[in-house]
Amino acid sequence: MTTVRRPLPVLLAWAVAAALALSAWGPRDRTTWFLETVWVLVGLPLIVLTWRRFPLTDLLCCLLAAHALVLIVGGHYTYAQVPLGDWVRDTFGLERNPYDRFGHLMQGFVPAVLVRELLSRTSPLRGSRWLAPLTVCACLAFSAVFEMLEWAAAVTGGQAADAFLATQGDVWDTQWDMFCALIGATVSVLVLSRPHDRQLAVTSSYSGAGSTSAPRTSTSDTRPRHP
């Protein structure tokens with residue numbers, strides 16, 4: 001397998017690590033910070049540890065870094081109190097801070113490329129018509145699981161979990177969150193599939209990804225024998 005130096009993923013990893021460290025300095029709610037950034041705390045080391053065996057495309061690296069920053073900012077301020085969201089609410093006369101909605105759009109938009117890459121490189125679905133709908137379904141399933149985790153946090157934490165839930169008094173917040181994730185995943189598949197396919201081809205060409213085993217050779221000769 002040919003090793004190719006790629007500075008972009010390294011720079012993105014250091015940027016995310018630096019942002020994560022800064023966000024841990026004086027967050028508004030320490031528990032909320034941990035619950036929102038745990039995906040980054042687990043995901044970044046996992047990507048680093050598996051990089052040699054399974055390097056990701058630059059497109060996916062950029063999206064994962066962007067999503068990590070969204071989670072980090074939301075964890076530091078809590079989603080309902082992100083200053084940028086307050087500015088958008090006041091500028092456009094909205095009823096609530098929309099940063100939470102944006103976060104759930106990203107929850108569909110970015111994982112769609114991640115799921116698509118995993119399925120394309122580890123299953124027979126690459127080039128299949130089933131790849132797109134299964135990708136969207138997987139993202140919607142993940143969103144539903146995340147809402148169940150929020151439900152569990154609400155049951156166990158009571159009012160202490162309000163900052164993590166970020167419902168802002170909306171009784172339909174759970175449904176809106178899953179709908180935003182569905183929109184994000186659908187748009188991602190429609191817009192990014194072609195450039196993603198091009199990057200998958202490039203990544204496979206120099207990493208050997210997706211071909212972890214050598215071609216099978218027959219152990220017996222089944223051709224008819226002639227006397």
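1. Contacts of Asp177. In this predicted model, Asp177 touches Asp100, Arg101, His104, Ser143, Glu147 and Glu150, when residues up to four places away in sequence are not counted. Asp177 itself belongs to helix H8, which spans residues 173–207.

2. Burial and polar pairing of Asp177. The relative accessible area of Asp177 is 0%, so the residue is buried, the cut-off being under 20%. Its side chain makes a polar contact with the side chain of Arg101, at 3.4 Å.

3. The largest nonpolar core. This core has 23 residues, and Val16, Val40, Leu63 and Ile72 have the most contacts inside it. Two or more residues are given to this core by each of helix H1 (7–23), helix H2 (30–50), helix H3 (58–77) and helix H5 (99–122). The largest share, nine residues, is that of H3.

4. Leu63 is in contact with Phe109, Val110, Val113 and Leu192, leaving aside neighbours within four places in sequence. Another core, of six residues, lies apart from the largest one; Val115, Val136, Cys139 and Ala185 are among its members.

5. Packing of H1 and H3. The axes of these two helices come within 10 Å and cross at roughly 5°. Angles under 35 degrees count as roughly parallel, and H1 and H3 are therefore roughly parallel to each other.

6. Residues at the H1–H3 contact. From H1, Leu8, Pro9, Leu12, Val16, Ala19, Leu20, Leu22 and Ser23 take part; they meet Asp58, Cys61, Cys62, Ala65, Ala68, Leu69, Ile72 and His76 of H3. By class, this contact comprises 13 nonpolar, two polar and one charged residues.

How values were computed: Residues numbered from 1 in each chain as written. Predicted model: local features only at pLDDT ≥ 70, side-chain atom pairs only at ≥ 80, totals over all residues. Heavy atoms only, no water. Helix = DSSP H or I, 4+ residues; strand = E, 2+ residues; numbered from the N terminus. Buried < 20%, exposed > 50% of the residue type's maximum accessible area, 1.4 Å probe, protein only. Polar contact = N/O pair within 3.5 Å; in protein donor to acceptor, adjacent residues only side chain to side chain. Contact = heavy atoms within 4.5 Å. Core = buried A, V, L, I, M, F, W, Y, C linked by side-chain atoms within 4.5 Å. Axes fitted to C-alpha atoms, helices over the stretch in contact; angles between N-to-C directions. Parallel < 35°, antiparallel > 145°, perpendicular 65-115°, else oblique. Nonpolar A, V, L, I, M, F, W, Y, C, P; charged D, E, K, R; others polar.
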